Amino acid sequence: AKELLQTEGGGEEVDVQLQERGYLFLARTKQEQNNMMNNHGVQQKAGCQNDIQLLTSQQLQNEFPWLNVNDVLLGSLGRSGEGWFDPWPYLRGLKQKCLELGVTYLHGKPVGATRDIVTGSISSVDLQLLGNHKKTLSTNNIQRRNVQFVVNAAGAHSGTLMNLLASSSSGTLLHSLPVVPRKRCIFFFHCSSSDGAIVPYDAPLTICPTTNVYFRSDGPPGSAHFLCGVSPTPEHDIDSYNEDDLNRVDYHLFDDIIWPALYHLVPAFGTIKVKSSWAGYYEYNVVDQNGIIDFHPDMGNVLMVCGFTGHGLQHSPAAGRAAAELLEFGQGQFQTLDLSILGFDRLIEKDGRNGTNIFEQGIV
């Protein structure tokens, strides 16, 4: 990031503060164990022989004495190439580099479009821009922009944007974009009993078996602060189009699911206190929870780069390059990585059969 995002004028060096501490997945049941071993086989074939290691219950106990592994059958630990980073320096650095390369940013939202009724392509987009005070949208400041391509990278709002583009010709999409906003909650807690020692600062991001509750340290060494979260159960994981919902954190997730799982896996977490929490959106692909990088079959000049279901920031450098290659060379003409598996065709039902969806095992 430091080299790729460095601007010609020098400027502030981009430091995304990568914490390369790995992910630790744990298996409690035979099915989870089998899935983990199968995933490990795929990783080995992909060249990750030294990066990912399987650990027995005894090996886990030796390396992570703060874990309760009495009912854990197997673990998978990323020794290198895995971790987390601060998104804001990355996003600021990316914006500054784009500005240097000639990108123009318009602050507002799309409110309409013009669509060719024969080809389905979008010829122009109407944008409602911020007013002079740069705080509110102005009904008097609507600009029409002629376009050669439209890139739909609107995240959780990608499905809504696609419907807006389609309705410009009083039409609808034959193939809807299955990307919707789903609410996710994060909790920030302090563990008084560990004092940063029992669960060390450099512990990996750890995923509790069965529940997929995850946690990792956050803050300076010795602070004993952690972040945690979990996806809602399927019956409670609903589309969330009302942004006011983000003002209300679902504390029942912590009380009913997260804390019992944390306490069972890490006895030191018996005395923890939530200090803050917040909610945000996943751009949730309801079909297979994976990204889409492809032109839409109903609107041939609309490139979809969305649906990454919580991994968009991590995938964005590769997704951005892939999108640029498709814009320059045409549909399916990937130059660096063949990402055709993320095409839209996999989401379309043909002859009464579903497409080839991409479901992942061992993901958080």
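**Close-up 1. Arg216 and Asp218 meet through their side chains in this predicted model.** A polar contact of 3.3 Å joins the two side chains. Arg216 sits in strand 10, which spans residues 214-217. Arg216 counts as buried because its relative accessible area is 16%, under the 20% cut-off. Beyond its neighbours within four places in sequence, Arg216 is in contact with Trp84, Leu205, His225, Phe226 and Leu227.

**Close-up 2. Strand 10 is covered on both faces.** Tyr214 and Arg216 lie on one side, and Phe215 and Ser217 lie on the other. All four of these residues are buried. In a regular strand, side chains alternate between the two faces of the sheet.

**Close-up 3. Strand 10 pairs with strand 9 and with strand 11.** Strand 9 and strand 10 run antiparallel and are joined by two bridges. Here Ile207 has Tyr214 of strand 10 as its bridge partner. Strand 10 and strand 11 are also antiparallel, with four bridges. In that pair, Phe215 is bridged to Cys228 of strand 11.

Close-up 4. Asn212 is in the loop between strand 9 (205-207) and strand 10. Asn212 is partly exposed, with a relative accessible area of 37%.

**Close-up 5. The largest nonpolar core has 34 residues.** Phe215, Leu262, Val266 and Phe269 have the most contacts inside this core. Two or more residues each come from strand 1 (23-27), strand 8 (179-191), strand 11 (225-229), helix 5 (251-265) and strand 12 (272-285). Helix 5 gives the largest share, six residues. Nonpolar side chains tend to be buried together in soluble globular proteins. Phe269 is worth a look by itself. Leaving out residues within four places in sequence, Phe269 is in contact with Phe189, Cys191, Val199, Phe215, Phe226, Trp259, Leu262 and Tyr263. A second, separate core has 21 residues, including Ala113, Leu173, Ile292 and Cys306.

**Close-up 6. Val180 is a buried residue of strand 8.** Its relative accessibility is 9%. Not counting residues up to four places away in sequence, Val180 touches Ala156, Asp239, Tyr241, Tyr282, Glu283, Tyr284 and Val286. Asn35 gives a sense of scale. Val180 and Asn35 are 145 residues apart in sequence, and their C-alpha atoms are 28 Å apart in space.

**Close-up 7. Helix 4 has its buried residues on one face.** The helix runs over residues 158-166, and Ser158, Gly159, Leu161, Met162, Leu165 and Ala166 are buried. Seen down the helix axis, these buried residues fall within an arc of 160 degrees, so they line one face. An α-helix has 3.6 residues a turn, so residues three or four places apart point the same way. The buried residues of helix 4 pack against strand 4 (108-115), strand 5 (122-130), strand 7 (150-152), strand 8 and strand 14 (302-306).

**Close-up 8. Strand 4 and strand 5 form an antiparallel pair.** Seven bridges hold the pairing. Thr114 has Ser124 of strand 5 as its bridge partner. The hairpin has six residues between the strands. Within this hairpin, Gly120 takes a positive phi near 85 degrees.

**Close-up 9. Thr309 has a positive phi although it is not a glycine.** The value is about 55 degrees. Thr309 is in the loop between strand 14 and helix 6 (312-329). Thr309 counts as buried, at 8% relative accessibility.

**Close-up 10. The structure holds zero disulfides.** Cys185 is in no disulfide. The nearest cysteine sulfur to that of Cys185 belongs to Cys228, 11 Å away. Cys185 is buried, with a relative accessibility of 2%. Cys48 is partly exposed, with a relative accessible area of 23%.

Conventions:
Residues numbered from 1 in each chain as written. Predicted model: local features only at pLDDT ≥ 70, side-chain atom pairs only at ≥ 80, totals over all residues. Heavy atoms only, no water. Buried < 20%, exposed > 50% of the residue type's maximum accessible area, 1.4 Å probe, protein only. Polar contact = N/O pair within 3.5 Å; in protein donor to acceptor, adjacent residues only side chain to side chain. Contact = heavy atoms within 4.5 Å. Disulfide = S-S within 2.5 Å. Core = buried A, V, L, I, M, F, W, Y, C linked by side-chain atoms within 4.5 Å. Arc of directions from axis to C-beta. Pairing = 2+ DSSP bridges.
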